[in-house]
Amino acid sequence: MKDKARLIHTSRIAVRWGDMDAYNHVNNTVYFRYFEQARIEWAERMGSRVSPFEEIGPVIINASCTFLAPVNYPATVVVRMYAGSPGRTSLMTWYELFVEGEDRLYAEGAAKTVWMDMRSGKSVPIPPAVRALFDDSAA
């Protein structure tokens, strides 16, 4: 994780029985869903409604995950979302995934988010509310 990353959101998500795979642990694709849920909660809190009917919205252009330990049902995962300094149209985010009540890091990930004009498919400047999170003069 980048040194200048800031914790911007924490999400708690119940592991569902259906999240499990044949190996009796959370399927690797579901970790991306957990990161996505945290990202959507955060974006909506910042005023970026995530909907195909919105003119502008955040989209992911790449994502990664390093799986460090298996998560098993029943559990609640805690996803901590961090962000680096914003560019003109994009924001790099990182994720840490824990199981509630434990200090062990189960997974870590990253995603680059770009704000896009949904009609044209072109990137647009990051919304002021998001940019303001990183304005050191406001701190």
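The legends below describe several views of one predicted protein chain.

**View 1. The fold of the chain.** The chain holds two helices and five strands, where helices (H or I, at least four residues) and strands (E, at least two) are DSSP runs numbered from the N terminus. Along the sequence these elements follow the pattern β-α-β-β-β-β-α. The radius of gyration, taken over C-alpha atoms, is 16 Å, close to the 14 Å that the globule rule (2.2 Å times the number of residues to the power 0.38) gives for 139 residues, so the chain is as compact as a globular protein of that length.

**View 2. The largest nonpolar core.** A nonpolar core is a set of buried Ala, Val, Leu, Ile, Met, Phe, Trp, Tyr and Cys residues joined through side-chain atoms within 4.5 Å, and buried means under 20% relative accessible area with a 1.4 Å probe, counting protein chains only. Of the 33 residues in the largest such core, Y34, W42, V71, V79 and L97 touch the most other members. Two or more residues come from each of β1 (6-14), α1 (28-45), β3 (76-83), β4 (90-99) and β5 (105-117), and α1 gives the most, with seven residues.

**View 3. The surroundings of W42.** Leaving aside neighbours within four places in sequence, W42 is in contact (heavy atoms within 4.5 Å) with I8, H9, M81, L91, W115, V130 and L133.

**Notes on the views.** Residues are numbered from 1 along each chain as its sequence is written, and side-chain values use heavy atoms, with hydrogens and water left out. In this predicted model, local features need pLDDT of at least 70 and side-chain atom pairs count only at pLDDT 80 or more, whereas totals for chains, interfaces and linings use all residues.

Note on methods: Buried < 20%, exposed > 50% of the residue type's maximum accessible area, 1.4 Å probe, protein only.
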